Amino acid sequence: MEEKNYPLLPEWAIKVFQKENHKSIISDISDVSTDNANSESMINRKDIIVINFDTVKENHNKKLKSNDAFIVMKEKDKKYGDIVWIEFKNGKLLDENGNLNEDMGNELKEKIYDSINIFLSYILESTDKGIFYIKENPLKYLKDHSIYYLVYNENKNTAKTKMRDHWKKLAGKQNEGLCGFDKKIKNKFRGYLCRDAFAYTPNEFEKILNEYLKNNKK
């Protein structure tokens, strides 16, 4: 595999996670973002290639949970790239009060922890000298150079309580994002196991990918 064919996947990432005789870990983002229950892709793009981290998990330990996708985004002027975790959720995530429900929050946290454990296992056992800068302190690298994105269906997760609408209007806000995400996910992991965490709609996240690909053509 040539790195130039996968602008979001450096050669080291494929070498580290793809073990001989294991199922291929390379997928397009349409595949990894598909809600199998509804046969619906959240981002219908065959040209964006990612590591299917669910497959990495299956190859490693089927009992664990994992984020859906793994990519690396390296700006031209940066020495090191950012590890990017992506989790797609197409269903309803909010409770009756319009906040991220407890069970979903716990599931997302478990997926983050297990994904990082899998990542560490592969990194620490790798003999690839090209990742020395990650291997010397992988947890610090994640803290400084990783980002988590939850991509969610806005139509199924819009809080419509009168009180929330009232305060939103007073604050002049048009879109409050995914209620409860900051409290339960972002504030827990930012500066600890990732540099930052975001919850975006598919359109918002696709714009980020498009902008990156446009500005970082090789």
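The chain has an accessible surface of about 12100 Å², and 46% of that belongs to carbon and sulfur atoms. Areas like this come from the Shrake-Rupley method with a 1.4 Å probe, and for residues only the protein chains shown count as cover. Keep in mind that this is a predicted model: local features need pLDDT of at least 70, side-chain atom pairs count only at pLDDT 80 or more, and totals for chains, interfaces and linings use all residues. Residues are numbered from 1 along each chain as its sequence is written, and side-chain values use heavy atoms, with hydrogens and water left out.

Now for what is tucked away. Of the 218 residues in the chain, 48% are buried. Buried means under 20% relative accessible area, exposed means over 50%, and partly exposed is in between (1.4 Å probe, protein chains only).

| Residue | Relative accessible area | Class |
|---|---|---|
| Cys194 | 4% | buried |
| Cys179 | 10% | buried |
| Asp77 | 65% | exposed |

With cysteines on the list, how many disulfides does the structure hold? The count is zero, where a disulfide is a pair of cysteine sulfur atoms within 2.5 Å.

Next, the fold. You'll find nine helices and eight strands in the chain; these are DSSP runs numbered from the N terminus, with helices (H or I) of at least four residues and strands (E) of at least two. Take a look at strand 5, which covers residues 69-73: five of its five residues are buried. Ala69, Ile71 and Met73 point one way, Phe70 and Val72 point the other way, and all of them are buried.

Strand 5 also has partners, and two strands pair if DSSP finds at least two bridges between them. Strand 4 (residues 49-52) pairs with strand 5 in the antiparallel sense over two bridges, and Asn52 stands opposite Ala69. Strand 6 (residues 82-89) also runs antiparallel to strand 5, joined by five bridges. In that pairing, Ile71 has Val84 as its bridge partner.

Asp77, the exposed residue from the table, sits in the loop between strand 5 and strand 6. Asp77 and Asn216 are 139 residues apart in sequence, while their C-alpha atoms are 9.7 Å apart in space.

What about contacts across the whole chain? Counting contacts (heavy atoms within 4.5 Å) between residues at least 6 apart in sequence, 66% join residues at least 24 apart.
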